[in-house]
Amino acid sequence: MAHIVASLDQPSNYKDSQSRIDRQTQAEILARSTTLYVGNLSFYTTEEQIYELFSKCTTPEDGGGIKRIIMGLDRNTRTPCGFCFVEYYTHAEALACLRYISGTKLDERIIRCDLDVGYKDGRQFGRGKSGGQVRDEHRQDYDPGRGGWGAQAQRMEAERRREVEERYQDAQNVPGAVAGGGGDWKAEHSQTTTTLKRGRSPEEEPEGGRGEPRARVDEPDHDANRM
Amino acid sequence: MSYHGRRRHHRDDYERRETYETPDQKLKKNIIHYGEVDPVQELPRLADQIAEHTPANISIITEAFRIGVTEQPYKIPFYAALLRLLHDRSLPEAPPGSTSIGRQVLEDYWKGFQGFVDRQAWRESRLCVHFFAHLTVARVISVQSMYELLQSFTRVLEELNLSHGRASKAALCAAEGLMIAGPAIKEDPSLSVSDILTALQGYIDSTRQERTLVQPLVQLFTDTPVLEHAEEWLDCAVAALQTLNGSDFAQTADSYPQPYLSSPPWTEEPFHLPGVLVPPEAMDLEGLQTESGEDAQPQKEEWPQCYVRLFDKDLSPDPTTPAGFAIRSALIDIIDIFEVNRKECARLLLEYPKWTVPGTFKPRPGAPAQDPVPEKDWQLEITILETILGASFVLPEATFKAIYYIALITELCKSSPQTVGPAVGKSIRKLYALLSDGLDVEVAHRFAEWFAVHMSNFGFQWVWKEWVPDLVLVPQHPKRAFMRRAVEFEIRLSYHDRIMRILPEAMREGDAGVISVEAPGPDYEYDEPTNQYHESAQSVLNLIRGRAKPDDVMAHLESLRNTLMETTENVDTVLRSITVQSLLHIGSRSFSHFLNAIERYLPLLRNLAAGHISTSGNANPEARTDIMSAVATFWRHSRHMILIVFDKLMQYQIVDPTDVVAWTFTHCSKVTDGKPKSTFNAFQWDLLKAALDKANGRVMMQRRKVAVLRKEADEKAAKAIAGESATMEVDAEARPDVIPAGESPQLTSAIKAFTMLTREQKSALARTLEGFVEYLAVDSVSPKVLEVTTEHAWHNRANWEDEDWETWETWCWYRHWCRMYSPYLRSYKETIGAVAFDKVPTTTNPAIELFRKTWSITTGQHDL
């Protein structure tokens, strides 16, 4: 169908600006990626809201589903700073989001989705000077969904919704701090038939290992290249 | 945005490569974009350009036509006109009397069509048939050969073991081709239009029973519902054809543009379409079977397609009329083809009138006035909305995910809010009205989903006030159930306070039953110090909060068990509840927190699911039931969270899909409604579907794994054989050990896993049927089960109480389960059906007959 109109699920120019991997490698990773970067979220949007909208692109009957959601946090305040990662079990589900969800509203903001090379420890934290996303440092406008005026004002407004702000205070920036979400079905967990302990088959991966591209990618700055 | 020098080395990533268009590519592009300004004006100019193009390149022209026809069906009549005109042109410097460009392109085009048919690319084939049909009216293609082409599609309908998907696609090729080529075919007395009609009608008649199960409006009391608001697509086609045939296809000109007729009639020898054989259905060669030999690969698209009709025929065209069918069909094609880009799709839908016969749609506001054409002059936006909603409500499943149709309507509203907005409002009101008249529960479910997502994109602005009078209806009336559900979905996408604010005062009251007074938060049963297990629970909670090791928590639970045993009757149930609720309590901050809590204590949870604390063991159904009930108790105010938690409990294999199915039938209403019921509602459907989809999805994935491993093994074996014979020249038959070596340990264990997973899949499906038998088809069921299926009761539904509606809904969900999972149920009908139907009494009453009949239609056993 590419003859008449461009498909919306083609990778955009969203890219990790600090990445050292070449374009081709990145394209290969994205071509099977199950992870989405979701941007322009309100700071107050919860994971459950995200789950609700993004579950509309799941195909559980095909082995899919939402694996996990990783909320982007301000490095200093540990509060949501307007982006997240949504990880599915299948690539097709991530593509469906680009076609059907990217550019529509969540929590009354138009969100955008991009294929991502995959979550790595530490990537959930914003890398702006203030701790949040770079884009909010440059922002001149008033945006109630993102805590009012630019970086300075954000902290002033932080009191506004304490519950939301306190939610992630326990977030840690250490390996393994983020849950995997559950991997493939394994015979050894199926107690009904366990008679003998059997060794791991070579093709089995550790819990939560599935679907995470093992790319050697530097932490991206999610905004520097959005223009 | 600022551009940082340090990032310069990545610059190549964003550099636009200069693209040079060759003259050939330019020509191709011009043909593909033909007509976008004015197809009539552009026609001679484009024909000249093609004719003058050097060096001549027929294949590039053909390719452009092929793309144009199959990807922009609304332009087909104009492509036919272009090709007709090209029959008057010959290639530059060609000697007089040589074959025209048009003829050469047509000959080349034919080959492409053959390819579509061979690949069973049905839509492309059908659109090519349109193209040929127009060219037949233009006399460029021989009428006889066109007729034979249509017959090769109706011949498919005579096949044995014909699937409905294949039959309907072949039937549509024949029907739509005849609608367009009819004027020419009918003129030839040697060709029988009625033969084609008879073949189509014969097929339709053989699908009557299936049709009753997929109507968007339900009438349980009859096999042959006569419904105003539902139309089956093939029925529409035949009805339109009969009308056309009645007037010798005079109305074709009224339904399809025929721009080629402005060229002088083609008098030379027409092109004879070669005979075509529609190849037999592609079979799944992988053919992985279950342990008892059933085919585990489900076949979809096995149901007639019924579209809900919302508006009167003066607002949107009636699809059983020739013009109405043509319009509906064209709009559905646009919706399907442009699924890859909903924004472009919305634009093309709004531009559709320019490709239709003038006067089809009311002119846009601001456009020059035109004299309305009698019986036409339809409203574009209403027609588009009806078509999109009809397509998204097709049962059991729409072509695409619901969210596509929802996002498409959103784009339409963004493109033209003043005209599409009112059409959306009218559609909502029509659908809402149908809720009282038997709108299928699944359609109502999708309607609520669309409503909520749509409102979430447009500031939640809906005139809720107009539904306030319906608050006097009984709480389980479909209209009130819709209000609750729509609000629940809106809250999931937004938050409680926000939705509370948009509702009128009358709906905010707790006893209005529309929205809960409190936000749907967690409810930790042991929070109150007065709770007898408060202390015990606190001790567990503190350990978990302090991230104690699973072993330590287990040890603590064991000692707690010893302490509580003397005073507590069902100590294990209590401990499971305390543990699970404490974990959920710690994880209640967010979905991620929940995942973290669960993952940290997976060994503990798995032990609990086996009925133990610090030791593992076999699955214990009672323990698993306790775990699920604890979850549902904790999240009883938020059904969304119950669904999320159950999904992950299955993912982590703490419970199996069959456990969830069983719980849904036996324990769900007790926890969520406060009393056990023998009825099934939309929330139970969500739970059931999640469980069955999980079981089916696992089989699907494992099937793929096995296929990959098999392929690897085969390649390895082939290589080994090749290697052996190359080095030693030994007779392959003398070395039987080479081939079995293909079965690697990985493959063996993958096949074993596949066997276990299909067993689980069957068990989940069997448990579902058992559940519905208990609710609807055993001696002890409530008299309501029979009553609500009668015609008398249905006509009296204005006086129905909650129990009547709940029972009616249970019937509807049973039907939906049957049709939705029929591909699986067909495969497993023997094993699943035999056990469950053992409990169904042999004495018959109409309700039991209905139950059996639904099952037999589903599983393709027509005369059970």
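**Exercise 1. Find how many salt bridges the rule gives across the interface of chain A and chain B, and describe the contacts around them.**

Solution. Step 1: apply the rule, in which a salt bridge is a side-chain nitrogen of Lys or Arg within 4 Å of a carboxyl oxygen of Asp or Glu. Across the interface of chain A and chain B, seven are found. One of the pairs to check is D170(A) with R589(B), whose closest N and O atoms are 3.4 Å apart.

The model is predicted: local features need pLDDT of at least 70, side-chain atom pairs count only at pLDDT 80 or more, and totals for chains, interfaces and linings use all residues. Residues are numbered from 1 along each chain as its sequence is written, chains are lettered from A and ligands numbered from 1 in the order in which they are written, and side-chain values use heavy atoms, with hydrogens and water left out.

Step 1: count residue pairs in polar contact (a pair of N or O atoms within 3.5 Å; within protein, one must be able to donate a hydrogen and the other to accept it, and residues adjacent in sequence count only if both atoms are side-chain atoms).

Step 2: sort the side of chain A that touches chain B by class; it has 24 nonpolar residues (Ala, Val, Leu, Ile, Met, Phe, Trp, Tyr, Cys and Pro), 26 charged (Asp, Glu, Lys and Arg) and 27 polar (the others, Gly among them).

**Exercise 2. State what area is buried between chain A and chain B.**

Solution. Step 1: count contacts (heavy atoms within 4.5 Å); 75 residues of chain B are in contact with 77 of chain A.

Step 1: take the buried area, the accessible area (1.4 Å probe) that two parts lose on being put together, summed over both. For chain A and chain B this is about 7100 Å², with 51% from carbon and sulfur atoms.

**Exercise 3. Decide whether D184(A) is buried or exposed, and name its side-chain partner in chain B.**

Solution. Step 1: locate D184(A) in the segment after α6 (162-166) of chain A; helices (H or I, at least four residues) and strands (E, at least two) are DSSP runs, numbered from the N terminus.

Step 1: compare with the cut-offs: buried is under 20% relative accessible area, exposed over 50%, partly exposed in between (1.4 Å probe, protein chains only). D184(A) counts as buried because its relative accessibility is 16%.

Step 2: the partner is K705(B), whose side chain makes a polar contact with that of D184(A) at 3.2 Å.
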